[in-house]
Amino acid sequence: WLVFTDMDGTLLDHHNYHFDEAIPTLAALEQNQIPVIPVTSKTAAEVELIRDSLGNHHPFIVENGAAVYIPEGYFDQQPEDTEKRGKYWVKSFVQPRQHWQSLIDQVRPAYQHEFKTFADAGIDGIIAMTGLNVHAAACAARREFGEPVSWHGNGNLKHQFITELTALGANILEGGRFIHVSGQCDKGQALAWLTAVYQQTQPQQIIQTLGIGDSQNDKAMLEQADYALLIRSPVHGLPDIDRTDNLTVSTFFGPKGWAEGVTQIIDAKQHSDSFNLP
Ligand code: 2M8
Ligand code: MG
Ligand code: MG
């Protein structure tokens, strides 16, 4: 098994970003050597903070599938198509942030008072919009592959904004709070790429993937994974997923729903596999 999980609203509570209710399940997965792979709209800097508090040392997927970060030495060989960045091997799928910012600037005049980007907002603005603490907000500001946009204006104009940026080659994904402007990437494509890397290192095993998420930006991952777990949100509806097989919907929100669903799915398979969860 590989467990690919969204962070905000999924493993982390939508409001306070805590994950206490998932701790016993996380420990059981670690003990059974089932990697938990963060897949998030967050930046690499943010994920580094969170994985420290999770005690997680596995690869992770940042900025909505824009890049896969693999700790150097995690696999015996450096995977193809990756570059070394700091202590990671990084596979990226899109152009740098600056390119997407320049596209936003091209269309901006028609939407003057309708939106604010993370760059416009600055760290204080990010704190106000997200409730993150100052350190976490500073890490959220360190985007490498795209730009989050907070839309406070007219909903029809938002559609027009998305259509214009799409025509310029951008790909827009909606998270729990923001719209993310970047390139042709999604969490599903990144999941597929990383799963193939794991599969190459253990060709004799059939790897099963579980994808977990709560929002529209998780759709591709929830459709790509062998098993999908949808986590209910206290603030928005479930994303529409084009699948009916191997699909579980949590009864609880956030980390409580996460623990409930993961235990159910992996336990249900425990007879065919060798994993036992509490
Ligand atoms: C943004 O992500 C959320 C979760 O999907 C969203 O779009 O609503 C990201 O920009 C992330 O970096 C940040 O930590 C988070 C804070 O809520 O918002
Ligand atoms: Mg989420
Ligand atoms: Mg997310």
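Is arginine 243 buried or exposed? Select arginine 243 and find out: this residue is buried, with a relative accessible area of 11%. Here, buried means under 20% relative accessible area, exposed means over 50%, and partly exposed is in between (1.4 Å probe, protein chains only).

Before going on, know that this is a predicted model, in which local features need pLDDT of at least 70, side-chain atom pairs count only at pLDDT 80 or more, and totals for chains, interfaces and linings use all residues. Residues are numbered from 1 along each chain as its sequence is written, chains are lettered from A and ligands numbered from 1 in the order in which they are written, and side-chain values use heavy atoms, with hydrogens and water left out.

**Stop 1: around arginine 243**

Keep arginine 243 selected. Its place is in the loop between β12 (227–232) and β13 (247–253). The helices (H or I, at least four residues) and strands (E, at least two) on this tour are DSSP runs, numbered from the N terminus. Now show the backbone oxygens of two further residues. That of alanine 225 lies 2.7 Å from a polar atom of the arginine 243 side chain, and that of aspartate 226 lies 2.8 Å from a polar atom of the arginine 243 side chain.

**Stop 2: the magnesium ions**

Select ligand 2, a magnesium ion. Which residues are its protein donors? They are Asp6 (OD), Asp8 (O) and Asp214 (OD), lying 2.1 to 2.2 Å from the ion. Donors are N, O and S atoms within 2.8 Å of the metal (3.2 Å for Na, K and Ca); water is not among the atoms, so sites may look incomplete. Along the sequence, the donor residues of this ion follow the spacing D-x1-D-x205-D.

Aspartate 6 sits in the loop between β1 (2–5) and α1 (23–31), and aspartate 214 in the loop between β11 (209–213) and α8 (219–224), so the pair ties together parts that are 208 residues apart in sequence. Aspartate 6 is buried at 4% relative accessible area, and aspartate 214 is buried at 3%.

**Stop 3: ligand 1**

Next, select ligand 1. How many residues surround ligand 1? There are 17, and the closest are Tyr17, Glu46, Arg143, Arg177 and His180. A residue counts as near a molecule if one of its heavy atoms lies within 4 Å of it.

- Glutamate 46: an N or O atom of its side chain is 2.4 Å from an oxygen atom of ligand 1.
- Arginine 143: a polar side-chain atom lies 2.6 Å from an oxygen atom of ligand 1.
- Serine 41: a polar side-chain atom lies 2.9 Å from an oxygen atom of ligand 1.

Taken alone, ligand 1 exposes 410 Å², and the protein buries 98% of that (Shrake-Rupley method with a 1.4 Å probe; for residues, only the protein chains shown count as cover).

Stay here and select tyrosine 17. Tyrosine 17 is in the loop between β1 and α1, and is buried with a relative accessible area of 15%. Its phi is positive, about 60 degrees, although it is not a glycine.

**Stop 4**

Move to glutamine 33, in the loop between α1 and β2 (36–38). Phi of glutamine 33 is also positive, near 55 degrees, in a residue other than glycine. Glutamine 33 counts as exposed, at 70% relative accessibility.

**Stop 5: the nonpolar core**

In soluble globular proteins, nonpolar side chains tend to be buried together. Select Val62, Tyr69, Val149, Phe161, Leu165 and Val181: these have the most contacts inside the largest nonpolar core, which has 27 residues. A nonpolar core is a set of buried Ala, Val, Leu, Ile, Met, Phe, Trp, Tyr and Cys residues joined through side-chain atoms within 4.5 Å. Elements giving two or more residues to this core include α2 (44–54), β4 (67–71), α3 (97–107) and α6 (155–167). The largest share, 4 residues, comes from α3.

**Stop 6: alanine 170**

Finish at alanine 170, in the loop between α6 and β9 (171–174). Alanine 170 is buried at 1% relative accessibility.

Methods. Polar contact = N/O pair within 3.5 Å; in protein donor to acceptor, adjacent residues only side chain to side chain.
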